[in-house]
Amino acid sequence: MAPDPWFSTYDSTCQIAQEIAEKIQQRNQYERKGEKAPKLTVTIRALLQNLKEKIALLKDLLLRAVATHQITQLEGDRRQNLLDDLVTRERLLLASFKNEGAEPDLIRSSLMSEEAKRGAPNPWLFEEPEETRGLGFDEIRQQQQKIIQEQDAGLDALSSIISRQKQMGQEIGNELDEQNEIIDDLANLVENTDEKLRTETRRVNLVDRKSTSCEPCSYVARTD
């Protein structure tokens with residue numbers, strides 16, 4: 001199984017940061033002796049630029065992984081914490097390179113001692129979650145894939161439920177259409193029946209009027 005590209009890039013980025021710290025320490029040793037180290041300075045500048053590009057790549061890979069649901073939200077947060085630590089390390093290394101801060105080894109030792117006293121997170125170290133502690137990258141990736149598979153199964157089940165509900169809705173809609181047709185037919189039948197009833201009523205009224213008008217004639221005929 002191929003290694004996770006994010007962790008591969010993260011490992012190489014950490015190595016670059018460590019190399020920068022060592023180069024800065026070497027340059028400072030030369031400067032304390034009154035010697036110049038132009039080659040080291042050029043090398044450090046190139047490494048810092050490489051570090052910046054690697055961090056940008058890590059950000060891009062993380063955004064894609066989160067956006068495409070390749071990793072869980074918990075894993076996304078964990079990687080973001082690692083990335084934040086790298087950004088902090090880059091800022092400290094840049095300040096040390098410009099002689100605006102302490103040397104990298106002093107920065108590290110001071111951070112470890114101060115954070116240990118306060119019990120707060122160390123920007124050079126990270127607290128790994130219990131569920132991934134002691135696991136290798138491949139095992140972590142397998143764990144993530146298992147979680148993603150479970151999420152996919154849940155989404156498939158939800159999709160199936162939605163499909164059934166949609167089918168039920170269509171069947172109900174078809175039944176309502178049939179009922180509406182029946183109602184329309186009944187309405188037409190009632191209308192036709194009502195029209196026939198009115199016609200017959202008119203005929204009965206007409207016959208009744210004719211019968212009434214003929215009654216005096218019959219009386220006269222009997223008198224004669």
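This note sets out numbered points on a predicted model of one protein chain.

1. Basis of the note. The model is predicted, so local features need pLDDT of at least 70 and side-chain atom pairs count only at pLDDT 80 or more, whereas totals for chains, interfaces and linings use all residues. Residues are numbered from 1 along each chain as its sequence is written, and side-chain values use heavy atoms, with hydrogens and water left out.

2. Overall composition. The chain holds five helices and zero strands, and its elements run α-α-α-α-α from the N terminus on. Helices (H or I, at least four residues) and strands (E, at least two) are DSSP runs, numbered from the N terminus.

3. Burial and surface. Of the 224 residues in the chain, 24% are buried. Buried means under 20% relative accessible area, exposed over 50%, and partly exposed in between, with a 1.4 Å probe and protein chains only. The chain exposes about 16,000 Å², of which carbon and sulfur atoms supply 55%. Accessible areas come from the Shrake-Rupley method with a 1.4 Å probe; for residues, only the protein chains shown count as cover.

4. Contacts along the sequence. Contacts between residues at least 6 apart in sequence join residues at least 24 apart in 71% of cases. Contact means heavy atoms within 4.5 Å.

5. Helices α1 and α2. Two packed helices are described by the angle between their axes and the distance between the axes. For α1 and α2 the angle is about 155° and the axes are 9 Å apart. Axes are lines fitted to C-alpha atoms, for helices over the stretch in contact, and angles run from 0 to 180 degrees between N-to-C directions. The two helices are therefore roughly antiparallel to each other; angles under 35 degrees count as roughly parallel, over 145 as roughly antiparallel, 65 to 115 as roughly perpendicular and the rest as oblique. The crossing of α1 and α2 is left-handed, a term used if the near helix is turned anticlockwise from the far one by less than a right angle, with right-handed used if clockwise. By class, 18 nonpolar, seven polar and four charged residues form the contact of α1 with α2. Ala, Val, Leu, Ile, Met, Phe, Trp, Tyr, Cys and Pro count as nonpolar, Asp, Glu, Lys and Arg as charged, and the others, Gly among them, as polar.

6. Helices α2 and α3. The axes of α2 (residues 38-67) and α3 (residues 73-97) come within 11 Å and cross at roughly 165°. This pair is therefore roughly antiparallel, and the crossing of α2 and α3 is left-handed. Residues in the contact include I44, L48, L51, I55 and L62 of α2 and L83, L86, V87, L93 and F97 of α3. The contact of α2 with α3 has 13 nonpolar, three polar and five charged residues.

7. Helices α1 and α3. Helix α1 (residues 5-32) packs with α3 at an angle of about 20°, with the axes 10 Å apart. That makes α1 roughly parallel to α3. The crossing of α1 and α3 is left-handed. Among the residues that meet are W6, F7, Y10, I20 and R27 in α1 and E75, R79, L82, L93 and F97 in α3. The contact of α1 with α3 divides into 12 nonpolar, two polar and five charged residues.

8. Residue I20. I20 is placed in helix α1 and counts as buried because its relative accessibility is 0%. Not counting residues up to four places away in sequence, I20 touches I44, L47, L48, L51 and L93. I20 and L40 are 20 residues apart in sequence, and their C-alpha atoms are 9.9 Å apart in space.

9. Residue T9. T9 is also found in helix α1 and is buried, with a relative accessible area of 10%. Leaving aside neighbours within four places in sequence, T9 is in contact with K54, L57, L58 and L61. The C-alpha atoms of T9 and L61 are separated by 9.5 Å, although the two residues are 52 apart along the chain.

10. Residue H69. H69 lies in the loop between α2 and α3. With 58% relative accessibility, H69 counts as exposed. H69 has a positive phi of about 60° although it is not a glycine.
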